[in-house]
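The structure comes first, and the notes follow by topic.

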Amino acid sequence: MNLLAVREQIPALSACTYLNAGGIGPSPKIVTDTLIRLALEVSENGPDGMAFSREEFTRAQETRAKVARFIGAHPDEITLVRSTAEGFDIVGHGLRWQAGDEVIFAGDDHPAARAIWAILARRHGIRPVRLELRDDSPEAILEDTRKLITSRTRLISVSHVTSENGLRVPARELADLAHAHGARLILDGCQAVGQFPIDVHEIGCDFYAAGTYKWLLGPFGTGFLWMRRDLLPEIEPSWVGAGGTVSFDPETGRWDPLPSGEKYEFGARYWPVVPAMGAAIDFVSAVGLEAIAARSRQLVERMRERLGELRGVIDFTPRCAALRTGMVGAAIEGVGGKELAERLRARGIHLRANRGPNGLTGVRLCLAFFVTEDEVDRTADAIAEIATKR
Ligand SMILES: Cc1ncc(COP(=O)(O)O)c(C=O)c1O
């Protein structure tokens with residue numbers, strides 16, 4: 001990886017130390033350029049081209065195919081969505097529920113992947129069952145999940161990688177566990193896509209929803225939902241409008257959805273963001289997902305080593321190395337996470353406050369591939385200074 005050349009293509013990196021890819025990723029210039037070029041095209045040629053021209057349509061289909069290749073899927077299995085939650089909502093509202101059906105979710109899940117189960121509990125009487133993710137080992141997570149499974153378990157719903165400290169769940173084993181009990185697995189991939197290679201068929205999950213504006217560096221407000229092809233007929237669209245149909249008969253009101261994931265896409269959309277998301281996939285793929293994952297792991301260990309030397313600093317990155325990704329969770333005793341984030345931001349280091357164990361608050365250091373060793377060291381120095389001046 002030519003780090004300098006890569007960094008030069010991400011403008012925000014010359015303005016600050018950006019450790020918040022887990023919030024919103026800093027888009028490469030090609031992503032913003034694609035967006036601007038298409039926005040100008042719409043402005044100069046007339047906006048009706050965006051909605052109706054075959055050309056724009058083709059760009060959306062190209063991006064759909066790109067997303068599919070990126071996760072080892074077929075384009076027909078991809079729905080282009082605006083956020084992770086939209087994917088979860090499509091699946092949650094599309095499944096047919098009976099009162100007493102159980103969904104196992106993780107206590108660390110983001111509202112995007114969790115709010116839906118609360119709504120369905122109220123509406124259909126399903127029972128959300130909470131799993132606390134232990135960070136000792138993948139086996140501990142599997143063991144705890146196994147204990148929660150009953151004959152009523154319909155779905156296991158967890159983040160592939162959690163927001164607070166980047167814990168990566170043993171997804172493949174969770175899929176096997178779910179299937180062995182006649183249940184299904186949905187993963188929230190918002191913190192995972194762009195961090196390491198993903199192949200949904202290798203994982204064996206049933207549904208995978210992800211915003212693409214974090215580690216994948218796409219425009220804010222883009223994402224995808226993947227579901228296994230044989231599940232498409234079962235999951236009825238819950239939100240409908242113009243689009244997503246084979247045909248709509250204005251006389252009779254007869255409405256025939258497409259057989260593909262496109263059937264969940266309805267209504268007015270700002271299409272320029274879609275090819276811009278495709279440009280982000282190209283960018284990250286050209287850097288290489290294996291190289292990205294390896295570099296992040298090195299940066300994480302470098303940061304943890306530095307923080308480990310500091311008194312009063314608590315490291316709540318997953319204890320088991322096999323569960324770690326590109327995130328470090330750290331707190332300073334006696335300094336709240338929000339204050340710590342603000343004090344670091346005043347030094348040009350952008351990151352977010354987060355929740356640690358036992359009510360602790362700290363910061364989330366997202367060490368994406370574009371972060372330099374020097375930035376890691378300077379951030380550790382800044383934390384050391386704040387820790388000594390508590
Ligand atoms: C694990 C996880 N899922 C989902 C989201 C965001 O959800 P959405 O794309 O629906 O805004 C985030 C972060 O904001 C996240 O950390």
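**Strands, domains and core**

I156 stands opposite L185 in β6. The model is predicted: local features need pLDDT of at least 70, side-chain atom pairs count only at pLDDT 80 or more, and totals for chains, interfaces and linings use all residues. Residues are numbered from 1 along each chain as its sequence is written.

**Seven-stranded sheet**

- Helices (H or I, at least four residues) and strands (E, at least two) are DSSP runs, numbered from the N terminus; two strands pair if DSSP finds at least two bridges between them.
- Seven strands form an open sheet in the order β2-β8-β7-β6-β5-β3-β4, and the pairing is mixed.
- The edges are β2 (78-81) and β4 (127-131); each has a single partner strand, so one side of each is left without a neighbour in the sheet.
- On average, neighbouring strands of this sheet are turned by 20° against each other, direction ignored. Axes are lines fitted to C-alpha atoms, for helices over the stretch in contact, and angles run from 0 to 180 degrees between N-to-C directions.
- Helix α6 (residues 115-124) packs on the sheet and touches β3 (102-106), β4 and β5, with its direction at about 145° to that of β4. Contact here means that the C-beta atoms of two residues, placed from the backbone, lie within 7 Å.
- Helix α7 (residues 138-148) also lies across β3, β4 and β5, running at about 155° to β4.

**Domains**

- An automatic or database domain assignment sets the bounds: domain 1 is 3-27 + 288-388 and domain 2 is 29-285.
- The centres of the two domains, taken over C-alpha atoms, are separated by 27 Å.
- In the contact between them, 29 residues of domain 1 meet 28 residues of domain 2.
- On the side of domain 1 that touches domain 2, α11 (289-308), β12 (327-332) and β14 (352-355) each supply at least two residues. The largest share, five residues, comes from α11.

**Nonpolar core**

- A nonpolar core is a set of buried Ala, Val, Leu, Ile, Met, Phe, Trp, Tyr and Cys residues joined through C-beta atoms within 7 Å.
- The largest such core has 109 residues, and C205, W226, A280, L365 and L367 have the most contacts inside it.
- Helix α10 (residues 273-287) gives the most to this core, 10 residues.
- Both domain 1 and domain 2 contribute to this core, with at least three residues from each.
- Leaving out residues up to four places away in sequence, C205 touches A171, A175, L185, I186, L187 and V200.

**Four-stranded sheet and V313**

- A second open sheet, of four strands, has the order β11-β12-β15-β14 with antiparallel pairing.
- Its edge strands, β11 (313-315) and β14, each pair on one side only.
- Neighbouring strands here are turned by 40° against each other on average, direction ignored.
- Three bridges hold the antiparallel pair of β11 and β12, where I314 stands opposite A331 in β12.
- Helix α13 (residues 373-388) lies across β11, β12 and β15 (361-366), running at about 15° to β12.
- V313 lies in strand β11 and counts as buried because it has 20 C-beta neighbours inside 10 Å. The classes are buried at 20 or more other C-beta atoms within 10 Å, exposed at 12 or fewer, and partly exposed in between, with C-beta atoms placed from the backbone.
- Not counting residues up to four places away in sequence, V313 touches L307, A330, I332, I383 and A387.
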